[in-house]
Amino acid sequence: MKKNLLIIFLVLSIIKTFSQSKMINPDKSGYEKVNGINLYYEIYGSGKPLVLIHGGAGSIRFDFKEIIPRLETQYQLIGIDLQNHGKSEHRNVPETFEQDAKDVAAFLDKINIKKASFWGFSNGGTTVMQIAHLYPELTDKIIVASALFKRNGMIEGFFENMKDISIESMPENLKNNFLQLNPDVSALKNMFEKDSKRMQSFQDWDESVLKNIKSSTLFICGDRDVVKSAHAVEMSELVKNSRLMILPATHGSYMMADFNGKIDEKLIDFTVNEIEKFLNN
């Protein structure tokens, strides 16, 4: 009897675990040849297009795992693994935010998307600002989450620490995510090298880049982010028609798991609710 009860308990526990986990199954996925490389993409749902741009060392599913199930019934979510990331091909040239913007625009042209909103996290947010700057005709609304446009926008010591960074210091969850998508260790090293050098060599943008953004913009930042809250304020003051939301969060924990893997469901729900209001107004 006790054995049967134990089996029932285990089965119920497994069912509960699966019911609580967020299943992510794209309606469409594959590759498109863009500017000389194959970019991997996933599409979920239908409606107005919202393009999801991951951050450094990330991927579609790593950065937006919590977001996709919350929004796929309301928008057409289009996720792209950028050059050197996730399942996409690699380039042996330096990464730039401008090149990422060009890749995204060319990809959307390939799948016949003429206008879209964009949500970019961290380096993805910086890429989204370049998209709005270079392709205003393509850009509806943009969400810029934990991004920068000047070096002094990062917390003290960030760029100093970047000088001697090595792949050994890369968070294990990011390493594991990459290798699950692409088991080639040399590709992991290439991605890490290209991402690191992009940040090491990052130069301040002219303020005109932000001043020329015409899209309605929502800036998001955590109060304990690696991006200073004051920097988010500065960006919001440079972009007309912009809004600003500073949340009680670390880098991205308002939309994904924190550095320790903990997920704050209520905080993420709040973020998504505010983003829905922004996109729908």
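A nonpolar core is a set of buried Ala, Val, Leu, Ile, Met, Phe, Trp, Tyr and Cys residues joined through side-chain atoms within 4.5 Å. Buried means under 20% relative accessible area, exposed means over 50%, and partly exposed lies in between (1.4 Å probe, protein chains only).

This is a predicted model: local features need pLDDT of at least 70, side-chain atom pairs count only at pLDDT 80 or more, and totals for chains, interfaces and linings use all residues. Residues are numbered from 1 along each chain as its sequence is written, and side-chain values use heavy atoms, with hydrogens and water left out.

**Stop 1: the cores**

Select V51, I78, V104, L108, F118, M129 and L210. These have the most contacts inside the largest nonpolar core, which has 48 residues. A second, separate core has 30 residues, including I60, I67, I220 and Y254. In soluble globular proteins, nonpolar side chains tend to be buried together.

Zoom in on V51. What does V51 touch, leaving out residues up to four places away in sequence? Its contacts (heavy atoms within 4.5 Å) include I78, V104, L108 and F118.

**Stop 2: ring pairs**

The structure holds 6 aromatic pairs. Rings of Phe, Tyr and Trp (its six-membered ring) pair if their centres lie within 6.5 Å; planes under 30 degrees apart count as stacked, over 60 as edge-to-face and the rest as tilted.

Select Y41 and F107. Their ring centres are 5.1 Å apart and their planes are at 50°, so the pair is tilted. Y41 lies in strand β2 and F107 in helix α4, so the pair ties together parts 66 residues apart in sequence. Both residues are buried.

Next, pick F202 and W205. Their centres are 6.4 Å apart, with planes at 45°, so this pair is tilted too.

**Stop 3: helix α11**

Select residues 265-280. Helix α11 has 16 residues and reaches 22 Å from its first C-alpha to its last. Its buried residues include L267, I268, V272 and F278. Among the elements covering them are β3, β5 and β6.

K141 lies over the face of F278, 5.3 Å from the ring centre. A charge sits over a ring if NZ of Lys or CZ of Arg is within 6 Å of the ring centre and within 35 degrees of the ring normal.

Terms used:
Helices (H or I, at least four residues) and strands (E, at least two) are DSSP runs, numbered from the N terminus. The expected span of a helix is 1.5 Å times one less than its number of residues.
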